[in-house]
Structure formats: structure tokens, C-alpha cells
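Me: Please take a close look at a single part of this model. After that, say how the rest of the assembly is arranged around it, and state the cut-offs as you go.

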Number of protein chains: 2
Amino acid sequence: MHSFTEENYLKAIYHLSEGNMEAVSTNQIAEMTNTKAASVTDMLKKLAEKKLINYIKYQGVTLTNTGVNAAVNIIRKHRLWEVFLVEKLGFKWDEVHDIAEELEHINSDTLVNRLDDFLGNPVADPHGDPIPDRSGLIKHKKLVKISDMQTGESGTVSGVSEHSSIFLKLLEKMGLTLGTKIIISELIEFDGSIMLTIDQKTERTISREVAKNILVIL
Amino acid sequence: MHSFTEENYLKAIYHLSEGNMEAVSTNQIAEMTNTKAASVTDMLKKLAEKKLINYIKYQGVTLTNTGVNAAVNIIRKHRLWEVFLVEKLGFKWDEVHDIAEELEHINSDTLVNRLDDFLGNPVADPHGDPIPDRSGLIKHKKLVKISDMQTGESGTVSGVSEHSSIFLKLLEKMGLTLGTKIIISELIEFDGSIMLTIDQKTERTISREVAKNILVIL
DNA sequence: TAATTTGTTTAGATTAATCTAAAAATTTGT
DNA sequence: ACAAATTTTTAGATTAATCTAAACAAATTA
């Protein structure tokens with residue numbers, strides 16, 4: 001198995017290369033892992049040695065298949081534990097990240113699979129992020145940022161692209177939690193903010209910055 | 001907080017000083033933690049520096065109050081996770097120790113207390129060991145080894161003093177799990193083995209070695 | 001009680017992960 | 001295309017946890 005630290009690097013590289021399939025840079029990894037570039041370089045050599053990443057000096061890195069598998073497995077654990085914390089222990093969606101960050105490193109396939117079953121094989125975590133199944137497969141939904149929607153369009157809030165507690169608490173307060181139905185009632189030209197109807201009842205205006213981080217299924 | 005490693009030393013010292021309230025020796029700790037005596041000495045200095053143990057060169061160690069609290073808290077977590085694994089995830093009592101050994105180091109009081117409530121505030125783990133409450137209090141039951149019982153005496157199996165998977169599986173096979181009622185039917189002089197009636201039905205003979213490790217409430 | 005055995009500590013290395021400062025490579029801007 | 005700026009890597013230290021071998025202390029035993 002890989003060390004706690006190695007796992008965190010793999011996860012960081014995975015997240016950084018999601019979306020844009022490009023190589024990830026040393027500095028990006030350093031920022032994500034709260035370390036210095038020099039430390040990252042050292043670790044990259046080690047991970048390359050173990051064939052978990054493809055690394056060429058000065059050219060950035062990509063995960064190998066083995067590396068992707070390892071990363072996906074950690075993410076699976078992280079998200080399952082988040083579901084557990086919210087569904088079974090009554091935590092709020094903004095409280096679970098740090099604890100899951102620790103739990104994700106517990107090593108036991110049996111444990112993860114039994115937890116998965118115990119939770120009823122959930123397909124998404126409390127923030128709407130998809131949970132890889134036991135073979136590592138991830139079912140991505142087609143999600144759209146509210147900031148990309150047009151007047152009159154409607155959809156269901158199904159994810160967020162910002163996971164900070166402060167942002168999640170804000171959504172909670174505004175009634176924009178997962179599952180909420182919204183209709184865009186007006187795009188305000190002046191500052192780009194967006195007026196929408198929540199659950200056919202409440203009218204609300206949200207800033208462009210907030211709208212960019214809420215993901216919706218049309 | 002204390003490191004993973006420090007926590008394991010505290011736990012080892014706690015377990016070694018249970019029962020006999022004497023100071024614990026360097027070698028005892030080395031054996032329990034699978035390290036060498038020299039490494040233990042180093043760590044003892046560190047723990048003494050942090051006022052978690054009372055340490056005098058060549059004289060062994062005892063835990064300070066702070067040290068006891070830290071150790072009890074780890075044990076509380078370990079035993080609660082064991083209950084979770086057995087009661088909620090369907091693990092057998094001989095399968096949970098190693099996983100709980102990892103889970104016990106997860107750091108969050110809220111998590112532990114919510115887990116405790118979720119499990120219905122259990123008083124004992126799957127092996128019958130008492131679970132400290134959130135203030136650190138441990139309710140010890142008066143348990144007797146089967147090997148110390150007399151012919152005609154009866155009791156309920158309520159604990160074990162040997163936690164190895166091989167031993168627990170054996171008890172399972174013999175029907176001597178927790179809650180089982182037994183009556184001593186005969187003490188066999190020849191080899192010290194003991195004949196007993198299980199749940200008013202089955203007659204069985206167990207070796208003195210096995211009998212020594214089964215604990216009973218009279 | 002002196003000698004031997006056993007147990008513990010010190011000294012000096014090692015490994016993993018990190019850092020700072022300096023050197024080297026790459027990218028950018030004119 | 002070359003100089004400047006940025007990014008990445010190397011070099012050399014540091015910290016936590018561990019080890020082996022040697023020195024030292026305590027307990028045992030003859």
C-alpha cells in the first residue's frame with residue numbers, strides 16, 4: 001500500500017487533471033497540498049519510481065493507470081464516508097470534509113464495500129459528487145453552472161464546484177441545497193447577478209460568483 | 001493532538017499497566033509495540049517531555065492523568081468502532097481488531113460522540129470489553145475465568161482475555177460466544193480440562209488453556 | 001559480594017517528508 | 001531572438017520515528 005502522504009499527492013494530481021486532460025504542474029500540486037515546490041519534486045520522483053505517475057522533468061505529470069485506480073479508490077472512500085457522516089450520524093454537508101479526509105486513508109476493501117452496501121450503494125456524496133463503484137467506474141452527470149443558464153430555463157440543483165464550509169452554509173441559508181428546483185427569471189445586466197425562483201415559491205437574486213459554483217441538471 | 005505513534009505508545013502503556021498498577025518496563029512496551037527497546041527509550045523521553053507519562057531512567061513508566069485520559073479516549077474510539085463494524089456492517093468479532101486499530105486514530109470528538117449515540121451508547125464491545133463513556137469513565141464488570149469456577153457453578157459468558165482471531169473463531173465453533181449460559185459439570189483432574197453444559201443443552205469439554213481465557217458473570 | 005546475566009540507555013545511522021536557498025530550465029515579452 | 005520573469009529542480013538541512021551496536025545500570029546467582 002501507499003503512504004498517507006503518497007495518497008494525498010495522487011488525489012491532488014487526480015483532481016487537478018480532472019476536466020482538462022493536460023499534465024499537472026509542480027506548482028499546482030504544491031498549492032493543492034500546501035507544500036513547497038521542492039517537496040513536490042521529491043515526491044514526484046518517488047511516485048514515478050513506483051510507476052504511479054508519468055513524470056518528465058520540467059514537463060509536469062499525469063497519472064498512470066495504476067495511479068488513477070489508486071486515486072479513484074481514495075475518492076470512493078472519501079465520498080462514501082461523507083454519505084455515512086451525513087446520512088447516519090447527522091452531520092451537515094459543510095461539516096464532513098475534514099473528517100472524511102482522515103477516514104479516506106483507512107485501508108480495507110472489505111470495509112469500503114460493506115460500508116457501500118450499508119449506505120444503500122449511493123451514487124453521489126452530500127455535495128452531489130459522483131461515487132465511483134467498486135470497479136472504479138464513475139457515472140458523471142451532465143451538469144450546468146447556473147451562470148451559464150438562460151432566462152426561462154429550469155433545472156434541479158445537483159452539485160457544487162466549491163466545497164468550502166462558508167459557501168455551503170450560504171447555500172443552505174438561501175435554500176439552494178441539492179434537489180432544489182430553480183427557474184431563471186431574469187439575468188441582470190448591470191452586475192451579471194441572476195434572479196431565480198426556488199421551488200416554485202421564493203424569488204431570490206444570487207451573485208454571478210455564487211451562480212458559477214452551483215451545478216444544475218436541466 | 002498527539003501523533004499516531006505517540007497514541008500507540010500511550011495505549012500500549014495503558015494496557016500493560018491495567019490490573020497490576022505497577023510501572024511498565026521498556027522491554028514490555030517494545031514487545032507490545034513491535035519495536036526495539038532503544039526506540040522505546042527515545043519515545044519515552046518525548047512523552048515525558050509532554051507530561052503524558054512519569055518516567056525515571058531505568059525505573060519504568062506510569063501514565064500521568066493526562067496520559068490516562070488520552071489512552072482511555074483511544075480505547076473508547078477503538079471499541080465503539082468495533083461495535084459499528086459488527087453491528088452495522090456485519091463483520092465477525094474476530095475480524096474487527098485491525099480495522100478498529102486504524103479507525104481509533106481518527107480525531108474528532110463530535111464524530112465519536114455521534115457514533116456513540118448512533119450505536120445506542122453500547123456499554124461493551126463485541127468481545128465484552130467495557131466502553132468508556134464520554135467522560136472517560138469505565139464500568140468494569142466482575143468477571144471470573146471459567147478455569148476458576150467450581151463444579152455446579154453457572155454463569156454467562158461475558159468476555160475474553162485473548163483476542164486473537166484463532167481463539168475467537170474457536171469459541172464461535174464451540175458455541176461459546178458472548179451471552180451463552182454455562183454450567184460447570186465436571187473438573188477433570190487428569191489434565192485440568194473442564195466439562196460444561198452450554199445453554200442447558202450441549203455438553204462440551206474445554207482445555208484449561210481455553211478456560212483461562214473465557215470470562216463469565218456468575 | 002563479586003561476577004554474570006538481563007535490561008536500559010546512549011551514540012550514531014537511516015528513512016520519509018519536509019524546508020530554504022541557489023542553480024537550471026522554460027516561458028514570456030519586447 | 002534575447003533578456004527578464006517564472007517555474008522547476010538540486011543541494012543541503014531538519015524533524016520524527018526507527019534501527020544496530022556499544023556502554024551502562026540493575027538484578028540474579030553462585
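Reply: The part taken here is the sheet of chain B, an open one in which 6 strands follow the order 3-8-4-5-6-7 with antiparallel pairing. Its edge strands, each pairing on one side only, are strand 3 (144-145) and strand 7 (202-206) of chain B. Two strands pair if DSSP finds at least two bridges between them. Helices (H or I, at least four residues) and strands (E, at least two) are DSSP runs numbered from the N terminus.

Some conventions come before the details. Residues are numbered from 1 along each chain as its sequence is written, while chains are lettered from A and ligands numbered from 1 in the order in which they are written. The model is predicted, and local features need pLDDT of at least 70, side-chain atom pairs count only at pLDDT 80 or more, and totals for chains, interfaces and linings use all residues; side-chain values use heavy atoms, with hydrogens and water left out.

Within the sheet, strand 4 (residues 154-160) and strand 5 (residues 181-187) of chain B run antiparallel and are joined by 3 bridges. B:Ser154 has B:Ile183 of strand 5 as its bridge partner.

The loop between strand 6 (194-198) and strand 7 of chain B contains B:Gln200. B:Gln200 is not a glycine, yet its phi is positive, at about 60°. Most residues other than glycine have a negative phi. The relative accessible area of B:Gln200 is 62%, so this residue is exposed (exposed means over 50%, buried under 20%, partly exposed in between, with a 1.4 Å probe and protein chains only). B:Asn34, also not a glycine, has a positive phi of about 55°. B:Asn34 sits in the loop between helix 2 (26-33) and helix 3 of chain B, and its relative accessibility of 73% makes it exposed.

In chain A, A:Thr180 lies in the loop between helix 7 (165-174) and strand 5 (181-187). A:Thr180 is buried, at 4% relative accessibility. Its side chain reaches the backbone oxygen of A:Gly175 at 3.3 Å. Leaving aside residues up to four places away in sequence, A:Thr180 touches A:Gly155, A:Thr156, A:Val157, A:Gly175, A:Ile198 and A:Asp199 (contact means heavy atoms within 4.5 Å).

The two chains are related by symmetry. Chain B is superposed on chain A by a rotation of 180° with 0.0 Å of shift along its axis, at an RMSD of 0.1 Å, which is the relation of a two-fold axis. B:Leu103 comes closest to the axis of the residues of chain B, its C-alpha being 3.8 Å away. Since 100% of the interface residues of chain B are also interface residues in chain A, the copies meet through the same surface.

The DNA comes next. Around DNA strand D there are 21 residues, of which A:Tyr55, A:Lys57, B:Ser3, B:Ser39 and B:Lys46 come nearest; a residue is near a strand if one of its heavy atoms lies within 4 Å of it. Sugar or phosphate supplies 76% of the atoms of DNA strand D within 4 Å of the protein, and bases the rest. A polar contact is a pair of N or O atoms within 3.5 Å; within protein, one must be able to donate a hydrogen and the other to accept it, and residues adjacent in sequence count only if both atoms are side-chain atoms. Phosphate oxygens of DNA strand D lie 2.4 Å from a polar side-chain atom of B:Ser39 and 2.7 Å from an N or O atom in the side chain of A:Lys45. Helix 3 of chain B gives the largest share of this surface, 5 residues.

DNA strand C is also surrounded by 21 residues, and the closest are A:Ser39, A:Lys46, B:Lys45, B:Tyr55 and B:Lys57. Of its atoms that come within 4 Å of the protein, 75% are accounted for by sugar and phosphate. A phosphate oxygen of DNA strand C is 2.7 Å from a polar side-chain atom of B:Lys45, and one is 2.9 Å from a polar backbone atom of B:Asn27. Helix 3 of chain A gives the most to the surface near DNA strand C, with 5 residues.

Methods
Least-squares fit on C-alpha atoms with pLDDT ≥ 70 in both.
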